[in-house]
Amino acid sequence: MGILETVKNLFGFTSAPSTPSNTPPEERSPAPTPPKPKSSGPPPAAQRRNQIIRFVIDKLRAYQNEPENAPIGLRLFVLCESAEEEDVFRVALWVNQPEKFRSELSRQLADNYITLAKDWIFEVEFVQDQLPNSIYREGNLGLVVLDPKKSDGPVVLATVKTLVGQTEQDEYGLNPAQKVLFHIGRGHSTQTASGRVRINDIVVLNDDDPGFDPQKGAGNGAVSRAHATIQYNPAQRKYALLVDPGGLPANGNKTKIMHPDDTIERADILGVTYPLQHGDQIELGGEVTLLFELR
């Protein structure tokens, strides 16, 4: 016992010992579990992706085992009632990686014995009011099959000439009867992110390519190996430019179209088609310039 306790005992300041309480402690009832929120809004992107692929396969049944009648492209329309629904479809279609969805759709079409033309084109358009007429429809999806035999006239020929920089040929002929996509890039080929080998049709020479002129091709290095693509639309009988991943500002590059009226259009959004007209000049990486002309 310490000194302080001894003094308290001498003067009678000791406290009575506490008796334990026999009252049981109050039992706490468990907190109620809040109900799980019900999911609302459109279904996940993966479900939408499967919906689109099933729809396309079903509408292309007529082309099963008909490689000689293979369509050269597909144009998909998606009717969206809200911005949220459009966002889900954009994710489902991998809009920022158009080659990824195109490859997946091509694989599943092949599994169903449906063949599309080499370098077939795939376009997506989101609409808010109603689906266009004269197309396959199902729910909020619409599809136009691009068939060269159903075009409104003969194909339109074009040429691409090199004004600045050095390409393998000074002039390239574009014949949509043979193909509808014409790839532009540095070197003859490159491997895409998906592993697919891309063959360039309009070749900007590398510094180690035969015939390279260091003076003439001084700016060629500014062009990406997969920079842009010229696309022919057989239904509209018109050409357009698409910027590929290598030609985007996000990858340190740029692409623009200089029109005959001196207006300049920047091609900096992946998946968007930029219409081409006679006399347009296409600038790649700020160093190489190509002239587009109709024949």
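Me: How many helices and strands does the protein have?
Reply: The protein has four helices and 17 strands. Helices (H or I, at least four residues) and strands (E, at least two) are DSSP runs, numbered from the N terminus. This is a predicted model, in which local features need pLDDT of at least 70, side-chain atom pairs count only at pLDDT 80 or more, and totals for chains, interfaces and linings use all residues. Residues are numbered from 1 along each chain as its sequence is written, and side-chain values use heavy atoms, with hydrogens and water left out.

Me: What share of the residues counts as buried?
Reply: Of the 295 residues, 42% are buried. Buried means under 20% relative accessible area, exposed over 50%, and partly exposed in between (1.4 Å probe, protein chains only).

Me: And the accessible surface, what does that come to?
Reply: It comes to about 17500 Å², and carbon and sulfur atoms hold 50% of that. Accessible areas come from the Shrake-Rupley method with a 1.4 Å probe; for residues, only the protein chains shown count as cover.

Me: What percentage of the contacts with a separation of 6 or more comes from residues 24 or more positions apart?
Reply: Such residues account for 62% of those contacts in the protein. Contact means heavy atoms within 4.5 Å.

Me: On to the helices. At what angle do α2 and α4 cross?
Reply: The axes of α2 (residues 45-59) and α4 (residues 98-111) cross at roughly 50 degrees and come within 10 Å. Axes are lines fitted to C-alpha atoms, for helices over the stretch in contact, and angles run from 0 to 180 degrees between N-to-C directions. The two helices are therefore oblique to each other. Angles under 35 degrees count as roughly parallel, over 145 as roughly antiparallel, 65 to 115 as roughly perpendicular and the rest as oblique.

Me: Which residues make that contact between α2 and α4?
Reply: From α2, Arg49, Ile52, Ile53, Val56 and Ile57 take part, and from α4, Phe101, Glu104, Leu105, Gln108 and Leu109. By class, the contact of α2 with α4 has seven nonpolar, one polar and two charged residues. Ala, Val, Leu, Ile, Met, Phe, Trp, Tyr, Cys and Pro count as nonpolar, Asp, Glu, Lys and Arg as charged, and the others, Gly among them, as polar.

Me: How do the axes of α2 and α3 cross?
Reply: The axes of α2 and α3 (residues 83-92) come within 8 Å, with a crossing of roughly 70 degrees. That makes α2 roughly perpendicular to α3. In α2, Ala45, Arg48, Arg49, Gln51 and Ile52 meet Glu85, Val88, Phe89, Val91 and Ala92 in α3. This contact of α2 with α3 has six nonpolar, one polar and three charged residues.

Me: Where is Val78 found?
Reply: Val78 is in strand β1 (residues 73-79). With a relative accessible area of 0%, Val78 is buried. Not counting residues up to four places away in sequence, Val78 touches Phe89, Leu93, Glu125, Phe126, Val127, Asn140 and Leu141. The C-alpha atoms of Val78 and Glu125 are separated by 6.4 Å, although these residues are 47 apart along the chain.

Me: What about Glu123, buried or exposed?
Reply: Glu123 counts as buried, at 14% relative accessibility, and has its place in strand β2. Leaving aside neighbours within four places in sequence, Glu123 is in contact with Leu74, Arg75, Leu76, Gln231 and Asn233.

Me: Changing topic to backbone angles: what is phi of Tyr113?
Reply: Phi of Tyr113 is near 60 degrees, a positive value in a residue other than glycine. Tyr113 lies in the loop between α4 and β2 (121-127) and counts as exposed at 57% relative accessibility. Arg237 also has a positive phi, of about 55 degrees, and is not a glycine. Its place is in the loop between β11 and β12 (238-243), where Arg237 counts as partly exposed at 30% relative accessibility.

Me: Last one: which residues does Asp244 contact, leaving aside neighbours within four places in sequence?
Reply: Asp244 is in contact with Arg198, Ala226, His227, Ala228, Thr229 and Leu270. Asp244 sits in the loop between β12 and β13 (255-258) and is buried, with a relative accessible area of 12%.
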